[in-house]
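User: I'd like to learn how to read helix packing and pockets in a model. Can you walk me through it?
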Amino acid sequence: MQAAILVPALQIAYKKHTQQAQQGVSMSGVLTMILAGGEGTRLAPLTGVRAKPAVPFGGNYRIIDFVMNNFVNSDLLQIFVITQFKSHSLMKHLSRAWRVTGLTNRFIDPIPAQMQTGKHWYLGTADAIYQNLHLIQGLDPEHVCVFGGDHIYKMDVRQMLDYHRHHNAKLTVAAIPVPVEQAHEFGVIEVDASGRMIGFEEKPKTNPKTIPGKPGFVLASMGNYIFEAKTLVDVLEEDAKQADSKHDFGHNIIPGLYPSGDVYVYDFSSNAIRGESQSSSGYWRDVGTIDSYYEANMDLISVEPPFDLYNKYWPLRGYTPPVPPAKFVHDEANRTGQAISSMVASGCIVSGSIVYQSILGYNVHVHSHSYIEKCVLMGNNDIGRGCRIRRAIIDKDVKIAPGTIIGEDPVLDKQRFHVSASGVIVIPKGAMIGFDKAE
């Protein structure tokens with residue numbers, strides 16, 4: 001979601017804040033808890049063997065890498081990653097890509113669900129933090145950042161933290177404008193001229209409150225919160241006592257807290273990162289469905305991408321195995337290895353074939369006379385000779401037999417594969433397509 005408009009009330013509040021805010025605010029006393037336990041059912045079959053934050057994205061990354069980069073680049077390095085569903089792939093990735101060693105009071109620790117408060121897994125987002133209150137109390141931070149682990153965006157979290165401190169807020173919620181027809185997917189916020197939250201409704205089904213002067217948009221919560229630590233502990237302990245609670249930040253914690261007048265709203269589109277173009281301001285994608293995931297990948301390969309992987313001032317770390325550089329081989333008539341308007345990761349071999357407007361993760365081998373168009377290949381894929389594949393997401397470790405055609409016959413595709421609402425074909429991890437054995 002790209003916030004092309006500023007909310008008038010938040011624009012006033014942010015302007016006042018930037019005029020008054022002190023420079024060089026200390027980042028000490030800040031603990032981060034990233035909610036990365038999402039089951040991601042709408043992203044199936046990509047989540048068949050992994051949690052949503054562990055789904056590969058953009059050739060070199062996992063979805064969780066983007067929020068991790070936001071905190072590391074913001075120099076906020078006291079991070080707990082809360083996991084739950086199908087966490088092995090995520091835990092393995094975190095151990096490889098996100099290790100902090102030798103620095104006092106700096107850590108990135110994955111925290112698996114452990115039934116700390118009874119024989120039940122996490123009952124909701126708030127309960128996930130409540131079951132780990134001992135981690136907060138043990139460190140005694142001043143502020144706690146509670147962020148989701150499954151969105152694609154860039155954010156200098158220090159700017160939101162500065163805003164939170166300036167307003168002496170008990171809670172600050174990051175927000176963006178979204179089209180009113182999407183309001184049912186978000187927590188919808190009302191805000192006054194000072195930036196204070198004065199209304200909140202979680203995923204309204206009818207008549208959502210629109211932005212004054214912008215009737216086609218609502219102000220939506222991004223699910224990114226900064227709490228005063230004492231407030232967070234108090235509200236979670238009280239919520240845990242309520243038998244009828246959903247133990248969820250959107251359904252219970254925010255509605256119970258904002259009437260006190262100490263909840264503020266941070267305008268995400270005001271977040272400024274050095275080296276980013278104006279056109280990328282406010283870029284945020286909830287890649288919760290196959291179609292949104294596919295579109296966000298395609299955003300990366302445009303000539304002027306709205307989400308730029310190449311900003312040297314905001315490096316994007318991930319994990320790539322120790323593999324050789326990509327290579328393109330054969331230069332003959334009708335047999336030239338080439339990739340056009342595409343991204344190709346290390347270890348790939350494009351052998352006498354054409355890759356067009358696609359993303360290839362590491363260790364993909366596309367054999368001669370094949371044609372790949374508008375596809376996302378996650379890695380360790382082998383595409384046989386003479387294949388034609390269009391508008392497909394191919395998960396890791398998939399092998400496709402020579403001569404296979406995918407994406408040209410919608411009826412046949414739906415018989416053989418999972419196909420999204422917009423017609424994107426998804427081939428699950430480890431599938432063997434077109435061989436004698438059952439697919």
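Analyst: Let's start with a helix pair: α2 and α3 cross in a right-handed way, where right-handed means the near helix is turned clockwise from the far one by less than a right angle, and left-handed anticlockwise. Helices are DSSP runs of H or I with at least four residues, strands are E runs of at least two, and both are numbered from the N terminus. This is a predicted model, where local features need pLDDT of at least 70, side-chain atom pairs count only at pLDDT 80 or more, and totals for chains, interfaces and linings use all residues. Residues are numbered from 1 along each chain, and side-chain values use heavy atoms, without hydrogens and water.

User: At what angle do α2 and α3 pack?
Analyst: About 35°, with the axes 12 Å apart; axes are lines fitted to C-alpha atoms over the stretch in contact, and angles run from 0 to 180 degrees between N-to-C directions. Ile-64, Asp-65 and Met-68 of α2 meet Leu-90, His-93 and Leu-94 of α3, contact being heavy atoms within 4.5 Å.

User: Which element gives the largest share of the lining of the second largest pocket?
Analyst: A pocket is an open set of points on a 1 Å grid where a 1.4 Å probe fits, with protein on both sides within 12 Å along at least five of seven lines; lining residues have an atom within 4 Å of a point. Here α3 supplies five residues, and Arg-62, Ser-89, Arg-96, Tyr-362 and Lys-396 are the closest of the 18 to the centre.
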